[in-house]
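Below is a colleague's note for someone meeting this structure for the first time. Please read the numbered points with the sequence and the model side by side.

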Amino acid sequence: MSNHLSNEARVIPLRPHGARPAGAPPRQAPQAPAGKEPLWRDLVGDVLRRERLAQERTLKDVADEARISMPYLSEVERGRKEASSEVLAAAAHALGLNLGDLLARAQGELTRVTSRYAGGSRRGVSTSSHDGMCLAA
């Protein structure tokens, strides 16, 4: 008869699994991260891409007409580049839009998207009846 000791440790918990120490606040379920407002470059890129696809035009076709490199226009459409107003105007003109049309569509998209995040409350936003846009350089 051999008398082998086990190499396994026996663990005896001091308190049951999941129990909190006395006086500890109750655990709260993890909260989902608050929605972030989209970046302007993402919105403008989405508008450019949607318009290009609606016209059934290729990235190369629009880039050539706008005199922008195709990889750069692709980056702008994906929101990876913060394009200058000249580049945005060129891309918009290649799609038959003017810069104001492009920015107005992006603003409309921003308003639509951010109304979901704000839950209807627009803290710090004027309730003026004027619907305008202001861009600063």
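1. Glu51 forms a salt bridge with Arg105, with the closest N and O atoms 2.6 Å apart; a salt bridge here is a side-chain nitrogen of Lys or Arg within 4 Å of a carboxyl oxygen of Asp or Glu. The pair links distant parts of the chain, since Glu51 belongs to helix H1 and Arg105 to helix H5, 54 residues apart. Helices (H or I, at least four residues) and strands (E, at least two) are DSSP runs, numbered from the N terminus.

2. On the source: this is a predicted model, in which local features need pLDDT of at least 70 and side-chain atom pairs count only at pLDDT 80 or more, while totals for chains, interfaces and linings use all residues. Residues are numbered from 1 along each chain as its sequence is written, and side-chain values use heavy atoms, with hydrogens and water left out.

3. The classes are buried for under 20% relative accessible area, exposed for over 50%, and partly exposed in between (1.4 Å probe, protein chains only).

4. Leaving aside residues up to four places away in sequence, Glu51 touches Leu95, Leu97 and Arg105, a contact being heavy atoms within 4.5 Å.

5. The structure holds 10 salt bridges. One of them joins the side chains of Arg112 and Glu109, at 2.5 Å from N to O; because these residues are 3 apart in helix H5, about one helical turn separates them. Arg112 counts as partly exposed at 44% relative accessibility, while Glu109 counts as buried at 14%. A salt bridge also connects the side chains of Arg78 and Glu75, again with an N to O distance of 2.5 Å; Arg78 is partly exposed, with a relative accessible area of 36%, and Glu75 is partly exposed too, at 22%. Side chains of opposite charge can pair when their charged atoms come close.

6. Arg49, Arg52 and Glu77 are linked in a network of salt bridges, and these residues also take part in the contact between two helices, in which Arg41, Gly45, Asp46, Leu48, Arg49 and Arg52 of H1 meet Ser74, Val76 and Glu77 of H3. The residues of this contact divide into 2 nonpolar, 2 polar and 5 charged, with Ala, Val, Leu, Ile, Met, Phe, Trp, Tyr, Cys and Pro counted as nonpolar, Asp, Glu, Lys and Arg as charged, and the others, Gly among them, as polar. The axes of H1 and H3 come within 7 Å and cross at roughly 115°; axes are lines fitted to C-alpha atoms, for helices over the stretch in contact, and angles run from 0 to 180 degrees between N-to-C directions.

7. Which residues touch the most other members of the largest nonpolar core? Among its 20 residues, they are Val44, Leu48, Leu73, Leu88 and Leu102. Helices H1 (40–54), H2 (59–66), H3 (70–77), H4 (85–94) and H5 (99–118) each supply at least two residues of this core. The term denotes a set of buried Ala, Val, Leu, Ile, Met, Phe, Trp, Tyr and Cys residues joined through side-chain atoms within 4.5 Å. Leu88 touches Val44, Leu48, Val76, Ala83, Leu99 and Leu102, not counting residues up to four places away in sequence.

8. For the chain as a whole, there are 5 helices and 0 strands, and 24% of the 137 residues count as buried. Residues 24 or more positions apart account for 64% of the contacts with a separation of 6 or more.
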